[in-house]
Each structure stands twice: as C-alpha cells, then as structure tokens.
Amino acid sequence: MLKFVLKNQQQVEDFVRGVTFYGTGGGGSYQRGIDLLMDQLAKGHEVGWAEPETLKDDEYSCCPFLMGSLAGPDEATRKDMKDTYDLDAPNVDETERMVRAVKALEEKMGKKVSALIPIELGGANAASCLSAAAELGIVALDGDYTGRAIPEIQQTTPFIYEQSLLPVVACDGWGEISTIESAVNWRMVERMGKQLAVAGFSYSAQAGFFANGADTKKALIHGDMTACYEAGKAIREAVEAGKDPADTIAEKLGGWVICKGTVTGKNVEDKDDYYWATHEITGKGAFEGTNLKIWLKNENHMCWRNGEVLVTSPDMIQVMDTKTGRPYVNNTIKVGMEVSVVAMKARDVFRTPRGLLALSPRAFNFDVDYVPVEERMK
C-alpha cells in the first residue's frame, strides 16, 4: 500500500520541482520527469511511494537509474547515429528502459523484486524510477541512496555501507541489453557503465544494487520522496503568495541563500559522457560585489565566492530562477538568467570518512579540505 499517491498534474509538478531542487543541478530533465509520471497517470496506474517498512527483510529491491551526460547527443552525433549505425530516434523511453533492465536483472538473479529505489534525487532519475515501479505494478520506497544527485555510482550509501552493487544490467534506447558481471572496484563499474551509455548515445538505463529488505532499509535515506514533494510544494506556494522562493525554501530546509544575481559566464565541456561546466554569477541588490563561481560535473560540487572556497560537496548547491523558483538542471542555465543560489547541508552519512572518500573536493581532485557548510557560513 502506498504512503502517498500523486493524483494530478499539480502534485506531479510539485514532486518533480522538489526532486530537481535537491538534485543540485543534475539528476536529469525536469520536464521529462513530469512527462513520464503524467504518462503513468494517463494509463490509470497508481504513482507514488510506500513506507520503507513495507519491504520485508526477506524480500528484494533493486535500483534502476539513468546513465549518460545531461547534454545528450548533439546534431553531429545524431547524424552519425543515422549515417554510421542506421539508428533513428530511440523507440524505448526511459521508463521502459528501466523496466527492461529490472526484468533482466531479476532473471539474472533468479528472484523477483518487490520494490524499486531511486539512486538519487533529480527530475528524471527519481521520477523515472517511480514511473517504472508503476509500470511494473510494484512500489517505489520513500527514500533514495544519495539525498541529492551525484555523477558517479560509488557516491551512494550502498558504497558507504559496503554493500553489493553487481551485477548491473543496461538497456539502451533501442532495447539492447548488456550486463556488467564483475569489476575490480566500484569506479570500474562506473567507467564500464559510462562506456555502455556512450555506446547507447546517452540513451541508457541500468539496474543494479540488488539487495534484500534488511540491507535496503539500512542503506536507504528514509523519507526523501516525501521531503522532496513538500519542498516542491513550498516553492510553488511561496511564489503564489508573492514571497521570495529562495528565501522561503532556505528557511524551510535550514539552508542559506548565498547569492542572487545574473549568470554572467558559462564554460562547458562534454566529455566521457559527463557534463562538465563552470557557471559565474554576479550578485545584485543585497549581493552587490559578490562574484560566485560554481564548478560542476553533472551536479554542482565546488563554489567560490570572490575567489574563496564557500561550499563543496557533499553539501548541496542549487541554482534556481529568482522569480519563478524553478530549480535549474545545469544544462539549461544560460548567460543572462536571473538566479538565486541556495546552499544546504549534506546528509550525515556522507560526512563520515567513507562518505567523504566518495564525495568531497578530493574525490574530484581538488586540493581542498572538506569543511561543513555551516562552519563556512559563520
């Protein structure tokens, strides 16, 4: 039985707005997340999430996730798809890719799963997991494995708790199935998974983290689907009431508004099926004299204010539209936009030594020690 059911477009949009906010600039397309969930409602399927405790210890879950660059294939790549590989546009959407990957993983393991877990919070990744659960007629649980979005598969709670990841099954946009059977470490699973995504022109969904109920509930960051829905709803209601959405959500979640201003610079590099970029924001009004620089690998991970480190992963940095409150996925940010930037604390599990091994400045090769955002804000 579901704890919460998304019954209409407003609730779907509130949920996707919330998971996009927590997605720290990544996690996939905001609009695709809405479209996938609305497709399920149109089919008459029940869409939502269940209490983690509904999964019995001797039942099983797995985690389906989208893999690929936020940028997606450019015009030259799409031409190559057709000219070299005789491929038209994908005919298997994100939900069906996840469904096929989950079914192939079940066949590999010889066991059925009773629940799906979103790998991360983000417009497409969380929404498509809920959509896949609805399509399969099983539940998604109220939680995820990161509490934000991340670019690499080891930056998850199952890694922190030293649980199992393999095997991983991949399905691309044309229904082709591949399996990663073994790897020397988690980073090699990430590398191989990315190469499969590259081969599928970034149209890839994968399924892994097959786990029993006890291990699932240990690794799960409980309550995140509900928290995201409430955050998305709070942003909408703030705008409707004429309140500042960034100030409102920062106060609600115990975060900080670190800049309001204009995007004045953007440098992008799309390589290895990751979206790398830096954004520069010039402060206005109360933030006059503030120059903010944000470095990202899919998601936002490093932030400098006037040349000094201000916020780093695993703490969260989200850019949102100053007026509408819409949280931006990084590939949609353009020079000239009026934005607000909110910083928030990471989940405690990512502040442990093993959590920081996976997700901290040094995990991205910056010679910077992690300092909790609340310490830097004093």
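Visitor: With which side chain does the side chain of Thr262 make a polar contact?
Guide: The partner is the side chain of Glu338, at 2.7 Å. A polar contact is a pair of N or O atoms within 3.5 Å; within protein, one must be able to donate a hydrogen and the other to accept it, and residues adjacent in sequence count only if both atoms are side-chain atoms. Please note that this is a predicted model, in which local features need pLDDT of at least 70 and side-chain atom pairs count only at pLDDT 80 or more, while totals for chains, interfaces and linings use all residues. Residues are numbered from 1 along each chain as its sequence is written, and side-chain values use heavy atoms, with hydrogens and water left out.

Visitor: Which strand holds Thr262, and what does Thr262 touch?
Guide: Thr262 belongs to strand β11, residues 256–271; strands (E, at least two residues) and helices (H or I, at least four) are DSSP runs, numbered from the N terminus. Not counting residues up to four places away in sequence, Thr262 touches Glu280, Ile281, Thr282, Lys284, Gly336, Met337 and Glu338, where contact means heavy atoms within 4.5 Å.

Visitor: Is Thr262 buried or exposed?
Guide: Thr262 is buried, because its relative accessible area is 15%. Buried means under 20%, exposed over 50%, and partly exposed in between, with a 1.4 Å probe and protein chains only.

Visitor: And Thr278, buried or exposed?
Guide: Thr278, in strand β12 (residues 274–283), has 14% relative accessibility and therefore counts as buried. Leaving aside neighbours within four places in sequence, Thr278 is in contact with Gly265, Lys266, Asn267, Lys293, Ile294 and Trp295.

Visitor: Let us turn to the open sheet. What is the strand order?
Guide: The six strands run β5-β4-β3-β9-β7-β8, with mixed pairing. Two strands pair if DSSP finds at least two bridges between them. At the edges are β5 (139–140) and β8 (177–180), each pairing on one side only.

Visitor: Which helix packs on the sheet and touches β9?
Guide: That is α4, residues 94–109, which also touches β3, β4 (115–116), β7 (168–172) and β8. The direction of α4 makes about 40° with that of β9; axes are lines fitted to C-alpha atoms, for helices over the stretch in contact, and angles run from 0 to 180 degrees between N-to-C directions. Helix α5 (residues 123–136) packs on the sheet as well, touching β3, β4 and β5, and its direction makes about 130° with that of β3.

Visitor: How many bridges join β3 to β9?
Guide: Seven, between residues 60–67 of β3 and 204–212 of β9, which run antiparallel. Pro64 stands opposite Ala207 in β9.

Visitor: Back to α4. What caps its N-terminal end?
Guide: Asp93 does: one of its side-chain oxygens lies 3.2 Å from the backbone nitrogen of Thr95. After α4 comes Gly110, with a positive phi near 70°. Buried residues of α4 include Met98, Val99, Val102 and Leu105.

Visitor: One last topic: at what angle do α1 and α2 pack?
Guide: Helix α1 (residues 9–22) and helix α2 (residues 30–42) pack at about 145°, with their axes 9 Å apart. Among the α1 residues meeting α2 are Val12, Phe15 and Val16, and the α2 residues they face as a group include Ile34, Leu37 and Leu41.
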